[in-house]
Amino acid sequence: MLGAAASSASTIPTTASTVRRAFQGNTLNSVSVALSHHSIACGRFHFVSLRSFAAGSTKAMSHSQSLAPSELGPQSSASGNKQALISLSDKKDLTLLGNGLQKLGYTIVSTGGTASALENAGVSVTKVEQLTCFPEMLDGRVKTLHPNIHGGILARRDLKHHMEALNDHGIGTFDVVVVNLYPFYDKVTSTGGIAFDDGVENIDIGGPAMIRAAAKNHKDVLVVVDSLDYPALLEFLEGGQDDLQFRRKLAWKAFAHVASYDSAVSEWLWEQTVGDKFPPNLTMPLSLKISLRYGENPHQKAAFYVDKSLSEVNAGGIATAVQHHGKEMSYNNYLDADAAWNCVSEFRNPTCVIVKHTNPCGVASRDDILEAYRLAVKADPVSAFGGIIAFNIEVDEVLAKEIREFRSPTDGETRMFYEIVVAPKYTEKGLEILRGKSKTLRILEAKKNEKGKFSLRQVGGGWLAQDSDDLTPEDIQFNVVSEKKPQDSELRDAEFAWLCVKHVKSNAIVIAKDNCMLGMGSGQPNRLESLRIAFRKAGDEVKGAALASDAFFPFAWKDAVEEACENGIGVIAEPGGEH
């Protein structure tokens, strides 16, 4: 850095190291070079190529373009001066950080708006350009991409030649780097979207470079990308003791932060450039929401992650549901709640769905949601007990009382018990009543899943990807392949059964009538067995009902179709054809 101004011109030595040291102690007023030498010297923001002079001189930039001596910041933390570099888009808790570092004796180096915010908070700041001797340029695209910054971050303190190189070039070290990135994610997912060029301008370059550099050199540099870590950072520095695990954790978080950021940029550019559903490379940014008590089985550890892909922003689903009450969610709770919510969200009319072990055991649609709830329970009250109940309309005081007080149809006395209630919204009174039903009852408020999502399923060593199954009966043309034509009421029953069977595990059979599921059979190795289970649950109401299968019937007689006819089924809906 430039020091106090000299009153006379300085003759610039012809070695690179002494050139830079000369500029640390003297202001460049003239340059006199006897030899052609390709050194670059810093003279009040301008870089001067000495090769361009031959036994001549040039005047330095005018005083109005130069940094005053009082503006010049310190260069070396090796001399005992500790330096922290701060460059933030999100300035949450910046004052806390700045004051804390200053109190601990750190000189703070900062950029643009961050520097201004710190100064406004009364924190002393050295601006980045005072270290680089170069102004911000290209509309802010180039600010920190400079050896005086990255050399001070990347230099290993335990390597003599690294420290000698810094000394030769007059570069100081950084002990702390605190950076977060341009709000690309928020910009491209904002309401109304963003123009392509604006999106590109919100791709951070200098920020990730500083974060990655500091994270790589975490043995010597503490890197922070999250304001929640400011108190831990200050406590760590105040303690004066080193902890490599703490440094590694911050470095891991930094690389994860940049990886998630790059994933969003990649996803956005792929959509803008190609638009194909399945890119050649796919990165899923997942963020830990909660550590679970156990997994599918008690001996398995588990956690729940939220998908932070751009396509999932405001796209609904159980992952972003608000829990208003109850015990913390378990692994199986999430699976069951997801199954119930996905199913009930498909229906247009007021509907209740009850799920047990990811299969709907009761589904009913009615204008009167109380009646729909009772019919859904009636379909299989034994399975419904301890299940997950979902509605596609608001739960008000009346419905909440019915959920709280309704007795099981099996004995007319036992109050129905549920693990979870899911709905798009609740009235204040409705919530109050449901909270009174049980301390453990989980009450979730969820947003309907948007169509067009990406569906992924893990297999050993890979993933299967497909479009989400968004088709509803309204999207499908039902072709009559029998001589007998279904009546309108039978066709409506077939459509309802078809929508239900979509959410039952294969081999899946659903029997339905009058917008109510009477019985279902699921998960059997053969379709005939699923059919018989569905008949047992439907009982005497099966006469004239509709039957839906999730796969085609390979045989008509001496098989499921014949048994269905013998039991009085009025209409059968199946995919048709061999796949």
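This is a predicted model: local features need pLDDT of at least 70, side-chain atom pairs count only at pLDDT 80 or more; totals for chains, interfaces and linings use all residues.
Local features were taken at pLDDT of at least 70 and side-chain atom pairs at pLDDT 80 or more, while totals for chains, interfaces and linings use all residues. Residues are numbered from 1 along each chain as its sequence is written, and side-chain values use heavy atoms, with hydrogens and water left out.

The protein has 579 residues, and 44% of them count as buried. Buried means under 20% relative accessible area, exposed over 50%, and partly exposed in between (1.4 Å probe, protein chains only). The accessible surface comes to about 29700 Å². Carbon and sulfur atoms hold 50% of that surface. Areas were computed by the Shrake-Rupley method with a 1.4 Å probe; for residues, only the protein chains shown count as cover. The secondary structure comprises 19 helices and 21 strands. These are DSSP runs, numbered from the N terminus (helices: H or I, at least four residues; strands: E, at least two). Among contacts (heavy atoms within 4.5 Å) between residues at least 6 apart in sequence, 58% join residues at least 24 apart.

The largest nonpolar core has 46 residues. Such a core is a set of buried Ala, Val, Leu, Ile, Met, Phe, Trp, Tyr and Cys residues joined through side-chain atoms within 4.5 Å. Tyr373, Phe391, Val395, Ile511 and Leu547 have the most contacts inside this core. Helix α13 (residues 369-379) gives the largest share, seven residues. A second, separate core of 40 residues includes Ala321, Val355, Phe496 and Val571.

Helix α13 is mostly covered, with eight of its eleven residues buried. Among them are Ile369, Leu370, Tyr373 and Val377. Asp368 caps the N-terminal end of the helix. One of its side-chain oxygens lies 3.0 Å from the backbone nitrogen of Leu370. Beyond its neighbours within four places in sequence, Val395 touches residues including Ala400, Ile403, Tyr426 and Leu434.

Thr107 lies in strand β4 (residues 106-110). Thr107 is buried because its relative accessible area is 18%. Its side chain makes a polar contact of 2.9 Å with that of Asn81. A polar contact is a pair of N or O atoms within 3.5 Å; within protein, one must be able to donate a hydrogen and the other to accept it, and residues adjacent in sequence count only if both atoms are side-chain atoms.

Leu288, in strand β8 (residues 286-292), is partly exposed, at 46% relative accessibility. Together with Leu286 and Tyr305, Leu288 makes a nonpolar surface patch of about 310 Å². Patch residues have over 30% relative accessible area and no salt bridge; like charges are joined within 9 Å, and nonpolar side chains (Val, Leu, Ile, Met, Phe, Trp, Tyr) within 5 Å. A salt bridge is a side-chain nitrogen of Lys or Arg within 4 Å of a carboxyl oxygen of Asp or Glu.
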